[in-house]
Amino acid sequence: MDKEKIHYVITYFSNLMTDNEKLALKHKMYMSKSSDNITLRNMMTEKGWINNDPETLDLLKQGYDEFERNVVKRILTETPELVFFNKCSQCGKLARTPNAQQCRYCSFSWHSK
């Protein structure tokens with residue numbers, strides 16, 4: 001699966017992620033934001049924003065890209081009926097969002113008139 005589809009599912013269908021997957025995603029985000037500031041990292045850890053649970057961290061052990069790929073694979077396997085890929089009927093490429101009505105690639109519009 002290409003990165004565009006993976007990003008699309010993670011961004012617009014994150015409600016289908018498990019609690020541990022959501023915690024792993026937050027952990028990655030807050031670790032990145034505090035990478036050069038130990039004081040900030042300590043504060044985020046104290047508030048529970050950075051998670052040290054082995055089960056959650058295990059999801060990230062093969063890297064963030066693999067984590068995202070595994071999450072999307074699980075979502076599409078378990079709940080394919082809940083994921084909608086909004087594709088342009090003109091060029092077939094993925095629209096920017098599930099609600100977009102104009103293609104960002106060919107500019108074709110399917111707005112209701």
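This is a predicted model: local features need pLDDT of at least 70, side-chain atom pairs count only at pLDDT 80 or more; totals for chains, interfaces and linings use all residues.
Student: Ok, and which residues of α1 are buried?
Tutor: Ile 6, Tyr 8, Val 9 and Ile 10 are the buried ones.

Student: What covers them?
Tutor: The cover over the buried residues of α1 includes α5.

Student: Then let's do the nonpolar core. Which residues of the largest one touch the most other members?
Tutor: That core has 15 residues, and the ones touching the most other members are Val 9, Phe 13, Phe 67, Val 71, Ile 75 and Val 83.

Student: Which elements give two or more residues to this core?
Tutor: Those are α1 and α5.

Student: Pick Ile 75. What is Ile 75 in contact with, leaving aside neighbours within four places in sequence?
Tutor: Ile 75 contacts Val 9, Phe 13, Leu 16, Met 17, Pro 80 and Val 83.

Student: Switching to charges. How many salt bridges does the count come to?
Tutor: The count is six salt bridges. One of them pairs the side chains of Lys 3 and Asp 65, with N to O at 3.5 Å.

Student: Where do Lys 3 and Asp 65 lie?
Tutor: Lys 3 is in helix α1 (residues 3-12) and Asp 65 is in helix α5 (residues 64-78), so the pair ties together parts that are 62 residues apart in sequence.

Student: Is Lys 3 buried or exposed?
Tutor: Lys 3 is exposed, at a relative accessible area of 59%. Asp 65 is partly exposed, at 39%.

Student: What does Glu 21 form a salt bridge with?
Tutor: Arg 74 is the partner of Glu 21, and their closest N and O atoms are 2.7 Å apart. Glu 21 sits in helix α2 (residues 19-33) and Arg 74 in helix α5, so this pair ties together parts 53 residues apart in sequence.

Student: And are Glu 21 and Arg 74 buried or exposed?
Tutor: Glu 21 is buried, and Arg 74 is buried too. Arg 74 also meets Glu 78 in a salt bridge, 2.8 Å from N to O. Within helix α5, Arg 74 and Glu 78 are four residues apart, which means about one helical turn separates them.

Student: Which residues end up in one network there?
Tutor: Salt bridges with shared partners join Glu 21, Arg 74 and Glu 78.

Student: Buried or exposed, for Cys 88 and Cys 103?
Tutor: Cys 88 counts as buried at 4% relative accessibility, and Cys 103 counts as buried at 3%.

Student: Last one: where is Asn 86 found?
Tutor: Asn 86 is in the segment after α5, and Asn 86 counts as buried at 5% relative accessibility.

Student: What does the side chain of Asn 86 reach?
Tutor: The Asn 86 side chain reaches the backbone oxygen of Thr 97 at 3.1 Å. Not counting residues up to four places away in sequence, Asn 86 touches residues including Tyr 8, Lys 93, Pro 98 and Trp 110.

Technical notes
Residues are numbered from 1 along each chain as its sequence is written. Side-chain values use heavy atoms; hydrogens and water are left out. A salt bridge is a side-chain nitrogen of Lys or Arg within 4 Å of a carboxyl oxygen of Asp or Glu. Buried means under 20% relative accessible area, exposed over 50%, partly exposed in between (1.4 Å probe, protein chains only). A nonpolar core is a set of buried Ala, Val, Leu, Ile, Met, Phe, Trp, Tyr and Cys residues joined through side-chain atoms within 4.5 Å. Contact means heavy atoms within 4.5 Å. A polar contact is a pair of N or O atoms within 3.5 Å; within protein, one must be able to donate a hydrogen and the other to accept it, and residues adjacent in sequence count only if both atoms are side-chain atoms.
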